[in-house]
Amino acid sequence: MSNVEVDPTALRCATGDHGRPEPQVDVLSARDVPLGGPRAMTVRRTLPQRARTLIGAWCFVDHYGPDDVADTGGMDVAPHPHTGLQTVSWLFSGEIEHRDSLGSHAFVRPGELNLMTGGYGISHSEASTAGTTILHGVQLWVALPEEHRHTGRDFRHYVPSPVRMGGAEIRVFLGSLTGDTSPVRTFTPLLGAELVLDPRSTTTLPVHTDFEYGLLVDQGDVRMAGTLLRPAELGYFGTGNDTLTLTNETDAPARAVLLGGTPFEEQIVMWWNFIGRSHEDIVEARQAWESASDRFGSVDGYDGDRLPAPALPNATIAPRKNPTHH
């Protein structure tokens, strides 16, 4: 997706409310953000926040739908560039057509991972298909570490099989959880998984002590390590824990996306659809896109013009880094 936001907001902190010690969970509330383009759909964004830029290398979390495309017009994001990151597309319902400058032409469908590596530069378009009635899913970005941020373009498709643990059905699309491992390469240790929690169930997951985690709730009320999260909220759970307990507080199945990774210690500069390490990196990437250089290539098959880059701010774009860990 194409990002037009320049001023992320804040979070609230919460702890367990059952009268016993619980690991602290920070609750990051979503804010509505319109995507760029002539048919701008609105998404709920929980990363980045002013108080938290990343969870592991996950640096961008957009959550949208369920939208009736007859009312909203669906998704139509014209060709736009990315650098220094990977994009992760995951749907709950609907279908999105993906085209990129690597020559990939693929469809994003529920329960199927599409991961695109921007590296030095890639461009792509995303549009919901004519057969889509309800569009509902998440769009995620992963920051690439310094040693790999100029890596070549790549595109991967993977369909994880569901596994059961306790009261949860789990689809692991990146990394490893409960003995299931995705074959898709990441450049830092990461986890990405969809969890469907049985009604009124509690599940305790084994987790890595050197990982931090974020739980984005899609539907239902879910208690994360004692802290209640409501739909569209993202709970942050820090390092040093070997288990994570999740409880579905509702009488219907709850759904959430669990993201994790080792803390990403590098400072990054995020602007529009680019991730760099300095203001100059962003200036160079913008100039390359506006001049239609080979850095980002071209997208074949999209009916329409590509997105122009927004104007640069008058001030130097400041780097971002997470706050000191709890």
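A residue is counted as buried when its relative accessible area is under 20%. In this predicted model, both W289 and F296 are buried by that criterion, and buried residues make up 57% of the 326 residues in the chain.

The chain contains two helices and 27 strands. Its radius of gyration is 19 Å, which agrees with the value near 20 Å that a compact globule of 326 residues would have. The C-alpha trace spans about 60 × 45 × 35 Å along its principal axes. Of the contacts between residues at least 6 apart in sequence, 71% join residues at least 24 apart. The accessible surface amounts to about 12,800 Å², with 48% of it belonging to carbon and sulfur atoms.

W289 and F296 form an edge-to-face pair, at 6.0 Å centre to centre and with 80° between the planes. These two residues also belong to a cluster in which ring pairs link W271, W272, F274, W289 and F296.

Charged side chains also lie over aromatic rings. The charged end of R306 is placed over the ring of W289, 3.7 Å from its centre. R295 lies over the face of Y120, at 4.3 Å from the ring centre.

Terms used
Residues numbered from 1 in each chain as written. Predicted model: local features only at pLDDT ≥ 70, side-chain atom pairs only at ≥ 80, totals over all residues. Heavy atoms only, no water. Phe/Tyr/Trp six-rings, centres within 6.5 Å; stacked < 30°, edge-to-face > 60°. Buried < 20%, exposed > 50% of the residue type's maximum accessible area, 1.4 Å probe, protein only. Lys NZ or Arg CZ within 6 Å of the ring centre and 35° of its normal. Helix = DSSP H or I, 4+ residues; strand = E, 2+ residues; numbered from the N terminus. Rg over C-alpha atoms; globule rule 2.2 N^0.38 Å. Contact = heavy atoms within 4.5 Å. Areas by Shrake-Rupley, 256 points an atom, 1.4 Å probe, with all protein chains shown as cover.
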